[in-house]
Amino acid sequence: MTGAKEQLKKDIENIDDEATLEKIRIYIMGIQAQQNLERSRMPPEQEE
């Protein structure tokens, strides 16, 4: 992991507010959904 990812992981692990953690979960799920949509639009020969 890059330094920025490591720091983000530590910051998230230190959050103890459930509402904030839920917002982070929803945000990450949105990012993953966007990535899946982009992958599904790629022709098969361009997939990694």
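**Exposure and contacts in a helical chain**

User: Is Ser-40 buried or exposed?
Analyst: The relative accessible area of Ser-40 is 56%. Buried means under 20% relative accessible area, exposed over 50% and partly exposed in between, using a 1.4 Å probe and protein chains only. At 56%, Ser-40 is therefore exposed.

User: What pLDDT do local features need in this model?
Analyst: Residues are numbered from 1 along each chain as its sequence is written, and side-chain values use heavy atoms, with hydrogens and water left out. This is a predicted model, where totals for chains, interfaces and linings use all residues, side-chain atom pairs count only at pLDDT 80 or more, and local features need a pLDDT of at least 70.

User: How many helices does the chain have?
Analyst: Helices (DSSP runs of H or I, at least four residues) and strands (runs of E, at least two) are numbered from the N terminus. The chain has zero strands. Its helix count is two.

User: How far is the side chain of Asn-14 from the backbone oxygen of Lys-10?
Analyst: Asn-14 sits in the loop between α1 and α2. Asn-14 is exposed, at 63% relative accessible area. Its side chain reaches the backbone oxygen of Lys-10 at 3.1 Å.

User: Which residue forms a salt bridge with Lys-9?
Analyst: A salt bridge is a side-chain nitrogen of Lys or Arg within 4 Å of a carboxyl oxygen of Asp or Glu. With the closest N and O atoms 3.9 Å apart, the partner of Lys-9 is Glu-13.

User: What is the N to O distance between Glu-22 and Arg-25?
Analyst: Both residues lie in helix α2 (residues 18–41), three residues apart, or about one turn. Glu-22 is partly exposed at 38%, as is Arg-25 at 41%. Their side chains meet in a salt bridge, N to O, at 3.1 Å.

User: What accessible area does the patch of Tyr-27, Ile-28 and Ile-31 have?
Analyst: Patches are made of residues with over 30% relative accessible area and no salt bridge, joining like charges within 9 Å and nonpolar side chains (Val, Leu, Ile, Met, Phe, Trp, Tyr) within 5 Å. Ile-28, in helix α2, is partly exposed at 39%. Accessible areas come from the Shrake-Rupley method with a 1.4 Å probe, and for residues only the protein chains shown count as cover. Together the three nonpolar residues have about 300 Å².

Technical notes: Polar contact = N/O pair within 3.5 Å; in protein donor to acceptor, adjacent residues only side chain to side chain.
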